[in-house]
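Please look over the model shown here.

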Amino acid sequence: MLLVIFTLSSVFIGSSVGGEVCYGYSFSFPLHYSPPHYQGPIYFTPRRGGSRKLVFNEGKAVDPRFKISGFSIDLTDVTERDDGTFTFGGRLKDESVRLKVLDCADDIRRDYGNAFDYHIPVTPEYVEFTPPQSLDQPKILWNRTDPQSTSRGTVKRSLWQMVDLTQADNGFYNFRKKDKFLLARFRLTVEAQTRYYETKEGRGILIKYPFNAVTKTVTFKPKNSEMETQMVVEGHRLVIQNRRFHTDPVFGIAIDEAEVKDSGTYEFRDREGNLSLIAELEVQTEDRSSFILLGIAAVIILVGAICICCCCRKKCCKKDQPPQTAAAPQVYYHNEYQPPTSRYSDAPASSASYQPVSSRVPKEPTAASSESLFC
């Protein structure tokens with residue numbers, strides 16, 4: 001809601017006075033510049049350039065917005081066109097008043113396609129709209145005496161309502177009484193919707209159409225490039241960079257296999273040229289080094305697992321085997337006497353008669369046998 005802000009600062013610097021006032025309100029000249037002390041003339045020179053013009057002379061106003069009452073001169077319904085310097089003649093020819101017009105309007109921002117409500121204190125007599133590029137050409141949007149002739153928006157009780165906003169609605173909105181008194185004022189700025197998309201190279205991506213808008217053109221601005229490619233949406237297809245993209249009048253633009261060169265900004269505009277959507281697309285390349293590292297890590301883990309399994313298997317096998325008796329160690333004796341092999345073999349027993357055979361064990365070794373033992 002617009003709050004009434006009125007700032008008037010009078011700083012005397014020699015013969016110059018400075019004043020400030022909000023748009024739509026009144027500015028009162030100092031008393032010694034008003035009747036009956038001063039009858040004129042008063043000239044005005046715009047700050048933004050233009051010829052000097054007479055606005056007050058011989059106690060009468062040339063501009064109907066100047067109101068003279070008793071001992072004051074008031075400039076009513078101040079606009080940006082009143083920003084400038086007022087000079088005087090006669091005995092006050094060396095004096096001037098510098099007036100600065102402030103824009104005290106509420107600053108309101110909305111996205112394309114949205115609805116908008118604004119609260120006003122009382123029902124106005126009419127609603128006035130001024131485009132930012134044509135401040136001196138106000139347009140009546142709504143009139144209380146003929147509400148059916150509304151060209152844009154409507155007043156319901158204490159609300160000003162608008163739907164399906166576009167950049168064509170950008171500008172100043174003034175709510176005035178019958179005597180042009182300013183009840184409320186705001187500046188509306190409609191901005192395009194913004195979306196961000198990310199995908200990998202070779203994958204598909206769908207850039208959806210903006211809400212509440214019929215797209216007519218799409219402008220593609222590649223990342224890190226000054227080149228632009230404009231496309232016209234016709235039927236179900238559009239062409240960009242000599243490649244075919246799938247388009248759908250309901251869903252959006254589909255890229256089957258995205259490439260790095262598809263990264264950039266896509267601007268969607270409606271049939272009137274209003275910017276409805278800004279889509280930022282980032283196509284990332286596949287990082288093959290990560291796949292290699294993952295493969296190496298997988299091989300290391302697999303080898304480690306196999307080694308652990310083998311170790312566990314060996315331990316289990318050892319536990320399952322029965323204990324074995326240790327074999328007696330073999331003892332070797334050197335130069336020990338061993339009985340010589342007998343030179344005679346035992347004769348087989350005859351079938352005719354039986355004769356006992358004496359065992360041929362010498363009681364003492366012979367000389368020959370001793371020699372053979374120590375050879």
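A pocket, on a 1 Å grid over the protein atoms alone, is an open set of points where a 1.4 Å probe fits, with protein on both sides within 12 Å along at least five of seven lines; lining residues have an atom within 4 Å of a point. Grid points are joined across faces, edges and corners, and a volume is the space filled by probe spheres set on the points.

This is a predicted model: local features need pLDDT of at least 70, side-chain atom pairs count only at pLDDT 80 or more, and totals for chains, interfaces and linings use all residues. Residues are numbered from 1 along each chain as its sequence is written, and side-chain values use heavy atoms, with hydrogens and water left out.

**The pocket**

The second largest pocket holds about 450 Å³ of space. Its lining has 23 residues. Arg65, Thr76, Asp77, Arg176 and Lys180 lie nearest its centre. By class, the lining has eight nonpolar, five polar and 10 charged residues. Here Ala, Val, Leu, Ile, Met, Phe, Trp, Tyr, Cys and Pro count as nonpolar, Asp, Glu, Lys and Arg as charged, and the others, Gly among them, as polar. Strand E12 (residues 126–130) gives the most to this lining, with three residues.

**Strands and sheet**

Helices (H or I, at least four residues) and strands (E, at least two) are DSSP runs, numbered from the N terminus. The protein has two helices and 26 strands. Three of the strands form an open antiparallel sheet, in the order E2-E7-E6. Its edge strands, E2 and E6, each pair on one side only. Two strands pair if DSSP finds at least two bridges between them.

| Strand | Residues |
|---|---|
| E2 | 27–28 |
| E6 | 66–69 |
| E7 | 72–75 |

Four bridges join E6 to E7. In one of the strands, E7, Leu75 is the bridge partner of Phe66.

**Pro131**

Is Pro131 buried or exposed? Pro131 counts as buried because its relative accessibility is 17%; buried means under 20% relative accessible area, exposed over 50%, partly exposed in between (1.4 Å probe, protein chains only). Leaving aside neighbours within four places in sequence, Pro131 is in contact (heavy atoms within 4.5 Å) with Gln137, Asn170 and Gly171.

**Whole protein**

Buried residues make up 34% of the 375 residues. Of the contacts with a separation of 6 or more, 57% join residues 24 or more positions apart.
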